[in-house]
Amino acid sequence: ISEKKETFSGLDHEKCYKGKWSSLLSGKKLWLVYPSTFNSEINNNKSKYLFNDLENIIESIDMNLIKPFYAIQEPGDLIFIPGNNHHMHINLEDTTALHKDFINEINYDNVRIAFKRHNMEDVKHLEKTIKKNFEKLTRTPNPIFK
């Protein structure tokens, strides 16, 4: 994904609670990630956390009760955004990044429940993919317990 300098994402929450890995290939991004413990406050007052222009973004953040975690991502940096955290990014330079959804044993149940609410075909595809990949795993004996 390529994005221009001084553009930014809206406040986002990963669909179906999937996490996301973002690898920056070029440019520089500023990430704002809110603690998930404050999701209900953010959801109930969404307009306070939506930003329309870069010039007022810092002032708007300072006025809010909840402060985000800040991270500057540079080329070669990999950042993980947990699936249940509100977040946004600001492109400080023209950027090129690779984003990939992430599901593991920690967020699997939440992802599956969210998929069920939206589309049973997605759930069937998810379960088929996971089953296929688990069948590929082989159990390697641990040399410590021989």
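Student: What should I know before reading the numbers?

Tutor: This is a predicted model, in which local features need pLDDT of at least 70 and side-chain atom pairs count only at pLDDT 80 or more, while totals for chains, interfaces and linings use all residues. Residues are numbered from 1 along each chain as its sequence is written, and side-chain values use heavy atoms, with hydrogens and water left out.

Student: In what order do the three strands of the open sheet come?

Tutor: The order is 4-3-6, and the pairing is antiparallel. Strands here are DSSP runs of E with at least two residues, helices are runs of H or I with at least four, and both are numbered from the N terminus. Two strands pair if DSSP finds at least two bridges between them.

Student: Which strands stand at the edges?

Tutor: Strand 4 (69-73) and strand 6 do; each has a single partner strand, so one side of each is left without a neighbour in the sheet.

Student: How many bridges join strand 3 to strand 6?

Tutor: Five bridges join these antiparallel strands. As one example, L30 has I90 in strand 6 as its bridge partner.

Student: And what holds paired strands together in general?

Tutor: Strands of a sheet pair through backbone hydrogen bonds, either parallel or antiparallel.

Student: Changing topic: which residues make up the largest nonpolar core?

Tutor: That core has twelve residues: L11, L30, L32, Y34, I42, Y49, F51, I57, I61, I66, M88 and I90. A nonpolar core is a set of buried Ala, Val, Leu, Ile, Met, Phe, Trp, Tyr and Cys residues joined through side-chain atoms within 4.5 Å. Buried means under 20% relative accessible area, exposed means over 50%, and partly exposed lies in between (1.4 Å probe, protein chains only).

Student: What is I42 in contact with?

Tutor: Leaving aside neighbours within four places in sequence, I42 is in contact with L11, Y34, Y49, I66 and H86; contact means heavy atoms within 4.5 Å.

Student: Now T95. Is that residue buried or exposed?

Tutor: T95, which lies in strand 7, is buried, because its relative accessible area is 2%. Its side chain joins that of N91 in a polar contact of 3.0 Å. A polar contact is a pair of N or O atoms within 3.5 Å; within protein, one must be able to donate a hydrogen and the other to accept it, and residues adjacent in sequence count only if both atoms are side-chain atoms.

Student: And K100, buried or exposed?

Tutor: K100 is also found in strand 7 (residues 95-102), but K100 is exposed, with a relative accessible area of 59%. Not counting residues up to four places away in sequence, K100 touches G19, K20 and W21.

Student: Which residues form the aromatic pair?

Tutor: W21 and F80 form a tilted pair, 4.7 Å centre to centre with 50° between the planes. Rings of Phe, Tyr and Trp (its six-membered ring) pair if their centres lie within 6.5 Å; planes under 30 degrees apart count as stacked, over 60 as edge-to-face and the rest as tilted.

Student: Which parts does the pair tie together?

Tutor: W21 lies in strand 2 and F80 in strand 5 (residues 78-81), so the pair ties together parts 59 residues apart in sequence. W21 is partly exposed at 31%, and F80 counts as partly exposed at 32% relative accessibility.
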